[in-house]
Amino acid sequence: VKASPSAKATVKPTSKPTRTVAGPLPTPKPPTETKVPPPPPAPAPSGCEPTYKGTQATRSQVKQALTNAAGRTYWPTSAPDIAIPLNLLKATAWQESGWQSNIIACDGGIGLMQVMPATADWMNQRFGQSYDINDYQDNAYLGGTYLAWLTKYIGDMYFESDYRLGASLCTDELNSCLLNAIIAAYNYGFAAVAQEGEPLTIPNPQYVRNVRALMTECVCLSY
């Protein structure tokens, strides 16, 4: 006899329990990721101008690249519910590069998502990929991969593996939600945001406010 749909449903894995704690844990859990990316570079010298290499991708090409990156499942086995919102990727790329795929910043950041070569090498090794930092689609994937890693790292430490990145989970306090934390860490490095034994810290509030505003107001959202 075939099992009824309701009978089949009973054998599905149970979902993670809903968190009862508002905001981050005051004392974080130990990180589950022990191999971490290299630290961010030193600030570029004042007055330095960026350079450009190769042909710049069109806005249509950039939009598709970021859409593809947002559609990926970065942690298919241990954290398949991690998803990077498209408006976050669009806003971050606009903040970082103005959607210029061929820009090289004075601090060494490359392309759309201003990925550092050492960070790209680390992520390719960590996730078993071979993304080309100079290819605009791969650059978008690298940016998405780093945001996904930060979501896992900080989410496990402070949010009991609740990886939701909804803006509705944030309050006026910038350290209230995972979304703000990964935006901060993307710019300033994970170690400045998440420290063992220390409360969640947002060291770059203006950057976070900029990206959060771009997530709803960026002209790039209409491209």
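These are legends for a set of close-up views of one predicted model.

In this predicted model, local features need pLDDT of at least 70, side-chain atom pairs count only at pLDDT 80 or more, and totals for chains, interfaces and linings use all residues. Residues are numbered from 1 along each chain as its sequence is written, and side-chain values use heavy atoms, with hydrogens and water left out.

**View 1. Helix α3, residues 86–97, and what covers it.** Helices (H or I, at least four residues) and strands (E, at least two) are DSSP runs, numbered from the N terminus. With twelve residues, α3 reaches 16 Å from its first C-alpha to its last, close to the 16 Å expected at 1.5 Å a residue; the expected span is 1.5 Å times one less than the number of residues. Look for the buried residues of α3: Leu88, Leu89, Lys90, Ala91, Thr92, Ala93 and Ser97. Here buried means under 20% relative accessible area, exposed means over 50%, and partly exposed is in between (1.4 Å probe, protein chains only). The cover over those buried residues includes α2 (59–70), β2 (103–104), α5, α6 (178–188) and α7 (205–217). Just after the helix sits Gly98, with a positive phi of about 65°.

**View 2. Leu89 and the residues around it.** Leu89 lies in helix α3 and counts as buried, at 0% relative accessibility. Setting aside neighbours within four places in sequence, Leu89 is in contact (heavy atoms within 4.5 Å) with Leu66, Ala69, Ala70, Ile84, Met113, Gly144 and Leu147. Take Met113 from that list: Leu89 and Met113 are 24 residues apart in sequence, and their C-alpha atoms are 8.5 Å apart in space.

**View 3. Thr92, a buried threonine in α3.** The relative accessible area of Thr92 is 2%, so Thr92 is buried. Not counting residues up to four places away in sequence, Thr92 touches Met113, Tyr186, Tyr207 and Val211. Met113 also turns up among the contacts of Leu89.

**View 4. Where α3 meets α6.** The two axes come within 12 Å and cross at roughly 30°. Axes are lines fitted to C-alpha atoms, for helices over the stretch in contact, and angles run from 0 to 180 degrees between N-to-C directions. The two helices are therefore roughly parallel to each other; the cut-offs are under 35 degrees for roughly parallel, over 145 for roughly antiparallel, 65 to 115 for roughly perpendicular, and oblique for the rest. The crossing of α3 past α6 is right-handed. A crossing is right-handed if the near helix is turned clockwise from the far one by less than a right angle, and left-handed if anticlockwise. On the α3 side you'll find Leu88, Thr92 and Glu96, meeting Leu179, Ile182, Ile183 and Tyr186 of α6. Sorted by class, this contact has five nonpolar, one polar and one charged residues. Ala, Val, Leu, Ile, Met, Phe, Trp, Tyr, Cys and Pro count as nonpolar, Asp, Glu, Lys and Arg as charged, and the others, Gly among them, as polar.

**View 5. Where α3 meets α7.** These axes come within 8 Å and cross at roughly 125°. That makes α3 oblique to α7, and the crossing is right-handed. From α3, the residues Asn87, Leu88, Ala91, Thr92, Trp94, Gln95 and Glu96 meet Tyr207, Asn210, Val211, Leu214 and Met215 of α7. The contact divides into seven nonpolar, four polar and one charged residues.

**View 6. Helices α4 and α5 packed together.** Helix α4 (residues 117–127) and helix α5 (residues 136–158) pack at about 70°, with axes 10 Å apart. That makes α4 roughly perpendicular to α5, and α4 passes α5 in a left-handed crossing. On show from α4 are Ala120, Trp122, Met123, Asn124 and Phe127, and from α5 come Leu142, Thr145, Tyr146 and Trp149. The tally for this contact is seven nonpolar, two polar and no charged residues.

**View 7. Gln114 and Ser161, residues other than glycine with a positive phi.** Gln114 is found in the loop between β2 and α4, with phi near 50°. At 13% relative accessibility, Gln114 counts as buried. Ser161 belongs to the loop between α5 and α6, and its phi is near 60°. Ser161 is partly exposed, with a relative accessible area of 22%.
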